[in-house]
Each structure stands twice: as structure tokens, then as C-alpha cells.
Amino acid sequence: MDEMNQQPISEKSKVTAAVLCFFLGVLGVHRFYTGKIGTGILWLCTGGLCGIGATVDFIMILCGSFKDGNGALIK
């Protein structure tokens, strides 16, 4: 694979993000952990967008398509 087509990989742990999202997703803790402070505050104020956003995030983390605040994939 060409180096220009590779996505940067985050230093954050996929397992840690998944556990935080599963247990504290409606509070946005997984978003604070991954450096997404703005949406973390939004999740905190709206209950993870009524739980739907937290559920979508959890699925994205498990599928490997969730990115950190710098746009790097969490693996």
C-alpha cells in the first residue's frame, strides 16, 4: 500500500475507548478521552444525544472507524 493512502493511527486505545463509551457514553467520556472536547461537552449536556449518538460511537469504535480529535484512526 502506498504511504500517501494510509490513515494516521492514534495513540489512544480502542479497548479503552470502547469500555468508556459502553459504560459512560451518555456522558461523553470517550470523546473527552479521544480529544474531541467540543462534542464531549455536547454529549455531556444532551445525554449522548439521547443515547443514539453514544450507540453510534460505540459501533464505530468496534468497527475501527472512530477517529480521535486529530483525525487519526483509533486501532
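This is a predicted model: local features need pLDDT of at least 70, side-chain atom pairs count only at pLDDT 80 or more; totals for chains, interfaces and linings use all residues.
Let's start with α4, which runs over residues 52-63. The helix has twelve residues, and from its first C-alpha to its last it reaches 17 Å, close to the 16 Å expected at 1.5 Å a residue.

Now look at which way its residues point. Gly 53, Ala 54, Asp 57 and Ile 61 are the buried ones to pick out in α4. Those four sit on the same side of the helix, because they cover an arc of only 95 degrees around the axis. What do the buried residues of α4 pack against? Their partners are α1 (14-24), α2 (29-33) and α3 (37-50). Turn to the other side of α4 and you'll find Ile 52 and Cys 63, both exposed. Keep going just past the helix and you come to Gly 64, which takes a positive phi of about 85 degrees.

Next, step back to α3, one of the helices that the buried residues of α4 pack against. Leu 49 has its place in this helix, and its phi is near 55 degrees, a positive value in a residue other than glycine.

Cys 50, with a relative accessible area of 71%, is exposed.

Definitions and conventions: Residues are numbered from 1 along each chain as its sequence is written. Side-chain values use heavy atoms; hydrogens and water are left out. Helices (H or I, at least four residues) and strands (E, at least two) are DSSP runs, numbered from the N terminus. The expected span of a helix is 1.5 Å times one less than its number of residues. Buried means under 20% relative accessible area, exposed over 50%, partly exposed in between (1.4 Å probe, protein chains only). The arc is that of the directions from the helix axis to the C-beta atoms. Contact means heavy atoms within 4.5 Å.
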